[in-house]
Amino acid sequence: MPVNESFLQELKSKTDITDIVSTYVSLKKRGSTYVGLCPFHNEKTPSFTVYPETESFYCFGCGAGGDVITFIKKIENLDYIDAVKTLAQRAGIQMPDDGFDDSLSKRRRRIYEANREAARYFYSVLMSEEGSVALEYYRNRKFTLHTIKKFGLGYAPDKWDGLLRHLRSKGFTLAELYEAGLITKSRKNNNYYDFFRNRVMTPIIDVRGNVIAFGGRILNDNRAPNGEKRKYMNTGDTLVYKKTNEVFGLNFAKDSGKKEIIICEGYMDVIAMNQAGFTNCVAGCGTALTEAQARLISRYADEVILAYDNDKAGRQALERAIKLFNKTDLKVRIPALEYGKDPDEIIKNVGAEKFGGMIEKSMNETEYYILSLRSKYNIATTQGKIDFASAVVPVLAQAEPVERDIYMSRIAEEIGIQKSAIDAQLQEYIRTSRRKQQRKDFNAPVTESIRESQKISRETGITSKIIKAVDRMLYLLIKYPDCINLLNDFKSEELPAGFFRKVFDKVCENIKNGFDIQLISFSSFLSDDELGRLSGIIARGNQSDNPKEEFTDCIAVIRNENSKKHKKSAADMTDDEFRKIFNT
């Protein structure tokens, strides 16, 4: 066990999950729980729920769940021990001297240290005679020495083992450098050599100031080094870096003092904009913005400005980004970029002040979509007016009432129809959409429960009936610990192997030892998916008028199903049939 139970109980007593979660998620009280928009998937209707009674969380939308340790692990991208250390520090308590395994934490720390030393090396080479060709490249891009130093830009020399030899002299092992993605291995002779060679280097730094990866670019667009065809090379996924989760420049943008973040496509755009005074700009790591990156950005901004390249690929990236941010509570604005294909080029062509004017005049997404739709229809014709008016209704439905009214008036005047005609279509569209959403929201918990049971049944061969019985049994044991006295000769071996037995044994152990039964006790040996499943069992469970009778019924169902292993499966049992069995 990574951390002893006594320490976890102390940590639990000094940690309030609602306080921790509320620093990342805007929560609203709903009865005895708190709800908000899930930070782990994009949504506009809150399905993320915090349960103070059990010190747990569960999202009915994506199935993420667990205790406060799991939350910190996921939200901060930490391993288990580092998440515990973070919470212990916040609670003002000392980690135990022994009784836990921090080997993974040490491996992560060594990668951070290797990356930091690599960044220093690349910078020192850039500033040496050997790096003159790379420094000239940056000068041609109009980057000042101040900017180069601020972003820690550097140069990987045209050598097979320059970085490798340097880091080996600093005490790093080949295994550590390989795990960090700084060196690679030859398939022919198994020799190690530098991953980045003859490239200008950009360190990728996380919001906590750690160097987590690098991006390398060839100096000559027409010739890659050593026969390489790739213009750009980036660190692959490691223990400290997953490109789909990280945002370049956020370490500066979060401290810019501004409530809006400008998003562009590439590292060089971010650096050029920073130099021009736009310190609140970022770019996604990877080829396209991801849900995880959008969620990370939403933690540090109230509004995003999407300054993507003014070409076909840029417009496609823009459309994707709008859809991602539509699922958050961030406002979205889009500038009409001119005089260049990207922010870097525009600033060079017309200056920072004119570019700033374009940013200042950015349109909201409603106006952007209306203008985009209008360009597709010939509103000089009757049919064009009809088609445009119909096409714009779903866009207006997403707008706030005042904004919606303003745009309806403008559109009606422009195409020469009555505003009431557009409004009639709009109201019917809203009513239909609301009915569909209400049905979806009403059925979501039961649908999720059925889907989960069916999935586990398919994967394990265990019938849905026994899965539901064990789920209910665990819920009752957690909520009503006195049920343990009804077990008599019931053993965990009677439960399906794996998740169910692990949870059952841990619950019984905590009850017998007088410890509270909360998810913090499970986070050290259950995976994130298993913790999400346990959180779902607790979140979807309902209180019982007669828990001991239900508990006894659950044992009877489990034993009866075990005795019928060779008979017809009851996997098609309905929820109504199940509820009748337990009178819930």
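## Chatting through a predicted model

Me: Is E365 buried or exposed in this model?
Reply: E365 is buried, with a relative accessible area of 17%. Keep in mind that this is a predicted model.

Me: Where does E365 sit, then?
Reply: E365 lies in helix α16, which covers residues 365-374.

Me: And which residues is E365 in contact with, leaving aside its neighbours within four places in sequence?
Reply: With those neighbours set aside, E365 touches I322, N326, V332 and I334.

Me: OK, zooming out. How many helices and strands does the chain have?
Reply: The chain has 24 helices and 17 strands. Of its 584 residues, 50% count as buried.

Me: What about the surface: how much of it belongs to carbon and sulfur atoms?
Reply: That share is 47%, out of an accessible surface of about 28700 Å² for the chain.

Me: And what share of contacts join residues at least 24 apart, if I count contacts between residues at least 6 apart in sequence?
Reply: Counted that way, 64% of the contacts join residues at least 24 apart.

Me: Let's talk strands. Why is β10 described as largely enclosed by the rest of the structure?
Reply: Strand β10 runs over residues 211-218, and eight of its eight residues are buried, so the rest of the structure largely encloses it.

Me: What does β9 do with β10?
Reply: Strand β9 (residues 199-205) pairs with β10 in the antiparallel sense, over seven bridges. In that pairing, R199 stands opposite I218 in β10.

Me: Which residue takes a positive phi in the hairpin of β9 and β10?
Reply: G209 does, with a phi near 90°; the hairpin has five residues between the strands.

Me: How many bridges link β10 and β11?
Reply: Three bridges, again antiparallel, with β11 covering residues 232-234. One of the partners is N234 in β11, which bridges to G215.

Me: Switching to cysteines. How many disulfides are there?
Reply: The structure holds zero disulfides. C281, for instance, is in no disulfide, and the nearest cysteine sulfur, that of C264, is 5.4 Å away.

Me: Are C281 and C285 buried or exposed?
Reply: C281 counts as buried at 0% relative accessibility. C285 counts as buried too, at 1%.

Me: Now charges. How many salt bridges does the count come to?
Reply: The count comes to 30 salt bridges. Among them, E10 pairs with K14, with the closest N and O atoms 3.6 Å apart. E10 is partly exposed at 33% relative accessible area, and K14 is partly exposed at 48%.

Me: What does R299 form a salt bridge with?
Reply: R299 forms one with E76, the closest N and O atoms being 3.5 Å apart. The pair links distant parts of the chain, 223 residues apart: R299 is in the loop between α12 (291-298) and β15 (303-306), while E76 is in helix α3 (residues 68-76).

Conventions
Residues are numbered from 1 along each chain as its sequence is written. This is a predicted model: local features need pLDDT of at least 70, side-chain atom pairs count only at pLDDT 80 or more; totals for chains, interfaces and linings use all residues. Side-chain values use heavy atoms; hydrogens and water are left out. Buried means under 20% relative accessible area, exposed over 50%, partly exposed in between (1.4 Å probe, protein chains only). Helices (H or I, at least four residues) and strands (E, at least two) are DSSP runs, numbered from the N terminus. Two strands pair if DSSP finds at least two bridges between them. A disulfide is a pair of cysteine sulfur atoms within 2.5 Å. Contact means heavy atoms within 4.5 Å. Accessible areas come from the Shrake-Rupley method with a 1.4 Å probe; for residues, only the protein chains shown count as cover. A salt bridge is a side-chain nitrogen of Lys or Arg within 4 Å of a carboxyl oxygen of Asp or Glu.
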